[in-house]
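Take a look at the chains below.

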Amino acid sequence: MAKSSKKTLSAREVRKLAGCSLVNAPKVLGKTKDGVRILKPKGKATHFSEKEIRDAISTVRAAKRA
Amino acid sequence: MSDKDVFINCPFSPDYEEFFQAIVFTVVRSGYTPRCARENDDGGEARIEKICRIIGECRYGVHDISNTELDAASGLPRFNMPLELGLFLGARNFGPKRSRKKALIFDRQKYRYQQFISDIAGQDIHAHEGKIDRLVEEIATWFRDEAGDARVPGGRAIAAEFKRFQVDLPDILRVRKLEPQELTFKDFHMVAANWIVADNGDP
């Protein structure tokens, strides 16, 4: 009988693979009202921190609402 | 390779900047991560090595081969976009997961490419006609179809959002005392992603 080429993974290997995919999974920056997950950019911005960007966006949007 | 990473292959010239920003915005709004040769400035990595590495890490590619004009100074065309498209198609054909890489290819008109790069005949070439709205609509429709996710908004909605973002962007940069010309790809990506979340998130 021909031997199956498919290898059954052990519980330890399954846990290791699951861990890898969790580590490599893209981080989510936020979710839109329509349900789309906006992914966090992989690197940092050159000229400002994430908090500085969020603050600047809030400032501009607040000024437009006023 | 990431199922969410998208390699962007287009001109990096000032006259194409608005198109480039529209591509990045649409990719982010569709729930993907844009990647390109501009993403880091590591002098130790040769440019072609960097491009090959990024292509290897991306499942999707958005390629605009419409820039066929001759350079005013040299009188020669730029060949970088066709070269990078060739690398991407090569990776798709010879790579370990060759059936998984997918390319969205743009030219200005639908069949114009046959006059300068006829070997790619048989691919479905999309035409943006030099219009930002058309480019955004085509990209959004393609990703909506690829993701099979009806939550991703349609191209016209994203094009309208991009226009609002373009109005806000100079003001955001002014708050940070930055000129638009100083904005790097990483800056733009971070600003666009945070603006989309602020604009579309729950209050």
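## A pair of facing residues

Asn9(B) sits opposite His63(B), which belongs to S3(B). Strands are DSSP runs of E with at least two residues, helices are runs of H or I with at least four, and both are numbered from the N terminus. Strand S1 (residues 2-9) and strand S3 (residues 58-64) of chain B run parallel, joined by five bridges. Strands count as paired when DSSP finds at least two bridges between them.

This is a predicted model: local features need pLDDT of at least 70, side-chain atom pairs need 80 or more, and totals for chains, interfaces and linings use all residues. Residues are numbered from 1 along each chain as its sequence is written, while chains are lettered from A and ligands numbered from 1 in the order in which they are written.

## The sheet in chain B

Five strands of chain B form an open sheet with parallel pairing, in the order S2-S1-S3-S4-S5. Strand S2 (33-35) and strand S5 (125-127) are its edges, each pairing on one side only.

Helix H4 (residues 132-147) of chain B lies across S3, S4 (102-107) and S5. H4(B) runs at about 165° to S4(B). Angles run from 0 to 180 degrees between N-to-C directions, and axes are lines fitted to C-alpha atoms, for helices over the stretch in contact.

## Where the chains' helices cross

Helix H2 (residues 50-65) of chain A and helix H6 (residues 185-200) of chain B have axes that come within 10 Å and cross at roughly 50°. H2(A) is therefore oblique to H6(B). Angles under 35 degrees are roughly parallel, over 145 roughly antiparallel, 65 to 115 roughly perpendicular, and the rest oblique.

Conventions: Contact = placed C-beta atoms within 7 Å.
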